[in-house]
Amino acid sequence: MFNVNSLLALLGLLGVIVMIFPLLSKETKIKSLQTSVNNLKKALDEMDEQAKLIVRTDIELNKAQEELDRKITSLYTLQKLSRTISSTLEESQVFKKIELTYLADLGFQKALAFLFDEKEEKFLLRLSLGYEEEEAAKIKTFIDLNKATYLEFIRNEKAVSSIATRENPADTKKTKEIFNVLSFVFTPILAKEGDHGLLFVGADNPDTTITEGDEELITILANQIGQALENARLFEKTWQAHQDLEKRVEERTRELSKALEEVKKINQRKNDFVSNVSHELRTPLTSIKGYAAILLSGKLGALPEDVHKRLGKINKHSDELVQFVNDLLDLSRIESGKVDLKLSPLNLKNVVDEVADLLAVQFKEKQIEFSSSFPENMPEVMADYSQIKRVFINLINNSIKYTPSGKISVNLIKQDKEIQIDVQDTGCGMPETAMDKLFTEFYRVDSVMNQEIKGTGLGLALVKSIIAAHKGKIWVKSKVGAGTTFSFTLPLAY
Amino acid sequence: MLDIGIGFSSEENAVLAAEEAIWKAKDNLNNSSKIDLALVFNSSEFSAAGIARTFSALLSDVPLIGGSGPAVISEKGIYKHGIVLALLGFPEGAYCNTAATRDINEKNPFTCGKELAEKLLFGFKNIPRNLGLLFFDRLIDGGPNFIAGLQENLGKSFPCIGASLSGQNDLTRSFLYLNNEVFNNSCAGVIWGGKITFGMGIKHGWKPLGKPHLVSSTVGNIINSIDDKPAVELYEEYLAYDPVKLKKSLKKLSVSYPIGVFIPGEEEYLLRNVTSVEDRGALVCQGSIPEGSTIRLMISTKETCLAAIPQAIKEAQKTLDGSLLRQSNARNSKFAIVFSSISRYNLLRRDIKEELNFIKKSLGEIPFLGVYTHGELAPLIESSYRGQIYFHNQDFSVLIIEG
């Protein structure tokens, strides 16, 4: 029998059972949610860890990128700066080319450069960027006071910087204080010759980090400055040497001009003397020749054979003497410019033919074969007929004298604006040593053959003067035993 | 129609540079005899006194506002040595007023903000005012309080945009110009009103990384603790740097990995650079972070950083197109003022030219000038421009002006 209490207890139990089920279900859900929350929290923590990895990787990448960017910018700036510095050849301008903008692009805000003056034995401030005048002067005083240390630093030829841990003469902390910067690079300026110095660059920006790359870069810049200073010095030296040379050339030219004037005066005096003497000689000669001619003509009575023979010799030598005096006079006149050339278009073939006719007997006597060749349509030359005829006579006569037998030829070759005339013989020729003096007055080649051949030594000198008066040139080629060729040029008429 | 003449010079000498910029800007104006406002930015190594003197001599009574920054932005390029100037002739019914407040770090920031607002509002009775443009020459210690003071008088929903124009390294070489005067430790501003409309956009391109953290204790711009641990531990954990190394390099590293502050209801995180680490492990930030903020570490690539430019410009154009003040029938002309954080300049390094290419491409025919800054002042996104103004780090912001 169920009593009421038992029933109520049963109902209560049933109620509890009914209530427990949803509670159990909710608890499961809570547990599930808790698990999800824990999972989410774990995922979030994991994600956060991943975020940390991303940030750290990003920092490394940024650092590498930044360093690369900086290096590219610095190298580009260094290239520009080097080009600018190298473009100047004035020592005083080298440092003026380094401007604040370049320095900023290299990552620095301040710069100082000093050169050590060996004579004065002190440092000279050559560059100051980012410093007030007073501040720079104060630093210079410090450098001068510690001259020995900084000279030793230059001798070491090594840069120091605020990243350096090695011992250096410019103690890092002190350098920062003295130069009023937070980071710096300090490097010697070295030139092969001349003044050495110091280059200091610094940054007052706390964000600036000096790297070994900066040290290298500033060292390159210092070397460039050293090179530019040396180039400027060399240029200055070369320029100075050039100036000295020019001065000496000028002085020498002045001396030579003076000497030339003197020579001209002497030459003029010589010409005047020759002219006067020749005139003085010709007057009595004319008388001698005149009287000899009268006597020879027999107008004053018949002469004994011996006397006639001797008078003939007097007459002949008088003729030669007259010719010699005339040559001397002509030479003197031509050289002193007293002869007016009668220039006109001239056919050289006619002249050569005339001379060949004139000397035909002599060719025949010495069994010399004479020939001449002319180019087709040979142009005329601008020349004085009688003077040029004289040139041909002298040259061909000369060839006849020194050609015991053989050939003499005259060849005319047309050049661009002139005609070249070659008078060639197959005679005895002459040594090379004689050729330089050949056209000098009274010069005769020293040879056995010459001792037998008469000559005054004026013929070729006269020829040279005549050719020069025509604005032509004359030269000779010769070989002992093979013959001689005299060549000269005359300007074309048209 | 708004008459705009922009001139640029990179002459070495401040006086010559200012003269050349003025001459070029005048040359680009339709009517150089009616100039209502001159806006100038120059790189900080110029002599501010020389520039101000030249402007005073050549522009006489034309209101002038501007300042020096680490680099200037012109259509010709981005220059660490240069001066860029815009001369503006307003259309009929458009007005502006310039003012400045000095010694802001020595005075109560809230009072300073209020004082500037009062000066700016002078003469604007019954004229609808549209936008405020503000320049600081350095970071303000009580930045949020200054803005609160400013908004107290200008109105909570009044849109403002601006920048901190400090020099790159030397804060003593940071100057502001207002009319014929050169200021330091100040804020200068201009309010525009009447028939002139604006569109502004601001983006940074940084993305959150890792799990969120809670700023458990702050005082102004100093974060004492994050997740109840010394704040510096956040960076120690993520960057795996020892404390000494981190203290030395965090200022630079935080340009790449700034703190992103989550602002409820805003799309973008507000970025904060860390300027230093205090001995007790507190982080000193470039701008305040409210206590209880949720923060994330932020990361960017050059691509996302550059992508922020077209996004900001698109947003500015969208704001301009949707402006209720805009008179669609009128024949209007536009110009833009751009502010980019110097952190972006340092991050992009040799690719900085890309930033200019993105600006030019996105602005199209719109002429512009700008300056690199140490912080930007703007709402987070255009939709909330009638609300809170924030001090930003690492952002690119743009203001397009039409009239």
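Tutor: In this predicted model, a residue is called buried if 20 or more other C-beta atoms lie within 10 Å of its own.

Student: How many of the 11 residues of helix H14 of chain A are buried?

Tutor: Helix H14 of chain A spans residues 459–469 and is mostly covered. Its buried residues run through Gly459(A), Leu460(A), Ala461(A), Leu462(A), Val463(A), Lys464(A), Ser465(A), Ile466(A) and Ile467(A). The number of buried residues is therefore, by the cut-off of 20 or more C-beta atoms within 10 Å, nine.

Student: Against which elements do the buried residues of H14(A) pack?

Tutor: The partners belong to chain A and comprise both helices and strands. The helices are H8 (305–335) and H11 (385–401). The strands are S11 (474–479) and S12 (483–491).

Student: Which residue with a positive phi follows H14(A)?

Tutor: The phi of this residue is near 65 degrees. The residue that follows H14(A) with this positive value is Lys471(A).

Student: How are helices H5 and H6 of chain B oriented, given that their axes cross at roughly 95 degrees?

Tutor: The axes of H5(B), residues 232–239, and H6(B), residues 243–256, come within 11 Å and cross at roughly 95 degrees.

Student: Which residues of H6(B) make the contact with H5(B)?

Tutor: On H5(B), the contact is made by Val232(B), Tyr235(B), Glu236(B) and Leu239(B). The residues of the contact divide into seven nonpolar, no polar and one charged. On H6(B), the residues are Pro243(B), Leu246(B), Leu250(B) and Leu253(B).

Student: Which elements give two or more residues to the side of chain B that touches chain A?

Tutor: In total, 16 residues of chain B are in contact with 16 residues of chain A. The chain B side divides into seven nonpolar, three polar and six charged residues. The elements giving two or more residues are strand S14 (207–219), H5, H6 and strand S21 (294–299) of chain B.

Student: Which are the edge strands of the open sheet of six strands in chain B?

Tutor: The sheet has the order S7-S12-S8-S9-S24-S25, with mixed pairing. S24(B) and S25(B) pair in the antiparallel sense over three bridges, and Leu377(B) stands opposite Phe391(B) in S25(B). An edge strand pairs on one side only, and here the edge strands are S7 (94–101) and S25 (390–392) of chain B.

Student: At what angle to S7(B) does helix H3 of chain B run?

Tutor: Helix H3(B), residues 109–121, lies across S7, S8 (129–136) and S12 (187–194) of chain B. Its angle to S7(B) is about 145 degrees.

Conventions: Residues are numbered from 1 along each chain as its sequence is written. Chains are lettered from A and ligands numbered from 1 in the order in which they are written. This is a predicted model: local features need pLDDT of at least 70, side-chain atom pairs count only at pLDDT 80 or more; totals for chains, interfaces and linings use all residues. Axes are lines fitted to C-alpha atoms, for helices over the stretch in contact, and angles run from 0 to 180 degrees between N-to-C directions. Helices (H or I, at least four residues) and strands (E, at least two) are DSSP runs, numbered from the N terminus. Two residues are in contact if their C-beta atoms, placed from the backbone, lie within 7 Å. Ala, Val, Leu, Ile, Met, Phe, Trp, Tyr, Cys and Pro count as nonpolar, Asp, Glu, Lys and Arg as charged, and the others, Gly among them, as polar. A residue is buried if 20 or more other C-beta atoms lie within 10 Å of its own, exposed if 12 or fewer, and partly exposed in between; C-beta atoms are placed from the backbone. Two strands pair if DSSP finds at least two bridges between them.
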